[in-house]
Amino acid sequence: MPPPSDIVKVAIEWPGANAQFIEIDQKKPLASIIREVCDGWSLSGSEQFALRYADGPQLYITEQSRSEMKIGCILRLAISPMRAARQLLERIQSHGIDARLEALKELAKLSADPTFATEFINIEGLATLARLVESGTHFGEMLAFTLTAFLELMDHGIVSWDLVSVSFIKQIACYVNQPMVDVSILQRSLAILESMVLNSHSLYQRVAQEITVAQLIAHLQVSNQEIQTYAIALINALFLKTPEDRRQEMASTLAQKHLRGIILNHIIRGNRPVKAEMAHQLYVLQVLTFNLLEERMMTKMDPNDQTQREIIIELRRIAFEGDSDPGGTEKRKATKDYKMLGFTNPMNPAMDFTQTPPGMLALDNMLYLAKLHQDTYIRIVLENSSREDKHECPFGRCAIELTRMLCDLLQVGELPNEGCNDFHPMFFTHERAWEEFFCVCIQLLNKTWKEMRATAEDFNKVMTVVREQITRALAIHPPTLEQLRVKLRTLSYAEILRLRQSERMTQDDFQSPPIIELRERIQPEILELIKQQRLNRLCEGSCFRKLGNRRRQEKFWFCRLSLNHKVLHYGDLDESPQGEVAFELLSDKIPVSDMKAVLTGKDCPHMKEKSALKQNKEVLELAFSILYDPDEALNFVAPNKYEYCIWTDGLSALLGKELSSDLTRSDLDTLMSMEMKLRLLDLENITIPEAPPPVPKEPSTYNFTYNYG
């Protein structure tokens, strides 16, 4: 008979004594349980003791967190957090260097515990650490442990970053600005400054005054990728918090310091592969850079603004320079030229740029093409003006719609997604990467229009094909714009049709009743195959990242299903694993029989909190939770859509529910298509009747039968 749900069987250790194996009644006060444990080892003053986990982060157990204790976990009797905080503070203030170093080392470890952190902050421990830093007398390991402890304590959000003094900021900035600083000190200093910038507007202003962009960029030229990551994270934080009216100025400063080239040569094309956290920071920088286009994207053209109208006149001049029409008036000639340029409103082309998005950004792109790629621009315009009217590609209309499409694909104007690492190396290969990307895509659009022999009525169809071509090309993350061009060249309209054909089963061939009946018979087998694959993947397990206030200190946890499909094992990890994690290393578990439901998206408990991160659409799409007895939840944010589908399918299978993810539908279509084609291979070029052939009538005589006698 299983124990009651309120009883948890655990082992408790104490140095120099045999472990106690006890049953903890969760309804009983924690102080009473600690008293009984102390009595078992004849220890007096039970109020001076507390229970901690013996494995993992070794957190203190409180009345609030005791429900997280699992059957079979190992605990340790330790001095209470208040007592530990007082002792450590005394040792930190002692005169012995060795004793102080050991105390700071222990403090750096304990500060990750919120219970201890609260007690240490309450006795002015944080202020003591700040004074140690401000004094400038600590160096090497001692300073590194001090900064680590300070960062961990602040990360709990118990006190505001605004309480940090100016002298403290100056000292931390000094460590960043100095050319030769210990790596561990530099890492923590960069991390502290990043947190200051992200958590306080007033501190952002102070940090921006103290930090030189040139020194931050210098940190990108080292061989240590962690230092590079922290440096880019701080640059991103400063970029993000810079007032909108000054972001262009900051972008110009970064460009003058050759940030793009340094990132390209020292990180993207460096000797070491780009890790996940670095990829995220490059993605954030890419998004923030493209967001500089938002102002132009949302700016409507003023038809009465002569300066803006001059740009349109310049487009006409470049395309038709040298043309003359002595028989017609200038106005009639201009209208004809603007029609040849493909504007929807040739009488007043300024009206074409009054919709946002893409607003004036489309005109900027067109002018860039006309001036920097003049031959290409003139070729596209004149080539279409000489076609039959019904097949001409309207350059102006296409350029405007293409700009809108590219803004949507690259999410211009949206905040970076916390869990995304999707940066494109090619955007770091050119100072005007956005404009060059547009120039490549407008040539693709013109080529696809010709291949489709499109007319004005086919405009939306052409744009749909072009979007698919660009999306497929971006999916392989070409390292340069030239390689993007090469990839797009292979994705012709004919190739897109072939890919579409191969990716879906044509409905025309599989609509007859016999085929439908065969599909219905095969489908349960295929679904069972998919279900087994999902469960096998859950048995292999996956690594998930913990989303906290500070992304630069990445924490991971791993979850996998037992081989008999009866228990989910999970636990924290220090770093992302390279393969499977042994069950023995995963300290927590949930019996599958205790699982009640799987929630997704905004229904998840961890997605109901109101914060910028939790409201992010892409994070919501990757979130899911397991509800289990008693009213507990295990919360996940999948690293990508594939893992999300694998886990939600696998958990649904464990609960006996239908597999409903997009991946299941895709896999089902693919496997059904393959299986049907294999089974019908011998019937190729044979027409399958709608109904089975009729049974022939009985013969009039059976004289044809063979007589064995």
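## A tour from the cores to the sheet

Start with the largest nonpolar core, which has 84 residues; Leu129, Phe150, Met196 and Ile263 have the most contacts inside it. A nonpolar core here is a set of buried Ala, Val, Leu, Ile, Met, Phe, Trp, Tyr and Cys residues joined through side-chain atoms within 4.5 Å. Buried means under 20% relative accessible area, exposed over 50%, and partly exposed in between (1.4 Å probe, protein chains only). Next, select helix 6, residues 140-155: the largest share of this core, 10 residues, comes from there.

The model is predicted: local features need pLDDT of at least 70, side-chain atom pairs count only at pLDDT 80 or more, and totals for chains, interfaces and linings use all residues. Residues are numbered from 1 along each chain as its sequence is written, and side-chain values use heavy atoms, with hydrogens and water left out.

Helices and strands are DSSP runs, numbered from the N terminus (helices: H or I, at least four residues; strands: E, at least two).

Center on Met196. Leaving aside residues up to four places away in sequence, Met196 touches Trp161, Val164, Phe168, Ile169, Leu203, Tyr204 and Val207. Contact means heavy atoms within 4.5 Å. Now select Ile312, Leu341, Leu367 and Ala399: they are among the 69 residues of another core, which lies apart from the largest one.

**Two prolines, then two helices**

Go to the loop between helix 17 (330-340) and helix 18, where Pro357 is found. The peptide bond from Thr356 to Pro357 is cis, with omega near -20°. Step one bond along: Pro357 and Pro358 are also joined by a cis peptide bond, with omega about 10°. Most peptide bonds are trans.

Select helix 18 (360-372) and helix 19 (374-385). They pack at about 110°, with axes 5 Å apart. Axes are lines fitted to C-alpha atoms, for helices over the stretch in contact, and angles run from 0 to 180 degrees between N-to-C directions. The two helices are therefore roughly perpendicular to each other (65 to 115 degrees; under 35 counts as roughly parallel, over 145 as roughly antiparallel, the rest as oblique). Show side chains: Leu369, Ala370, Lys371 and Leu372 in helix 18 meet Gln374, Thr376 and Tyr377 in helix 19.

Two strands pair if DSSP finds at least two bridges between them.

Color strand 6 by burial: six of its seven residues are buried. Five bridges join strand 5 to strand 6, and Cys543 has Phe558 as its bridge partner in strand 6. Six bridges join strand 6 (555-561) to strand 7 (567-573). Pick out two pairs: Cys559 with Tyr570, and Arg560 with His569. In the hairpin of these strands, with five residues between them, His565 takes a positive phi near 65°.

**Last stops: positive phi**

Jump back to Ser42, in the loop between helix 1 (30-40) and strand 3 (49-53). Its phi is near 60°. Ser42 is exposed, with a relative accessible area of 69%. Finish at Glu124, in the loop between helix 4 (114-122) and helix 5 (125-135). Phi of Glu124 is near 65°.
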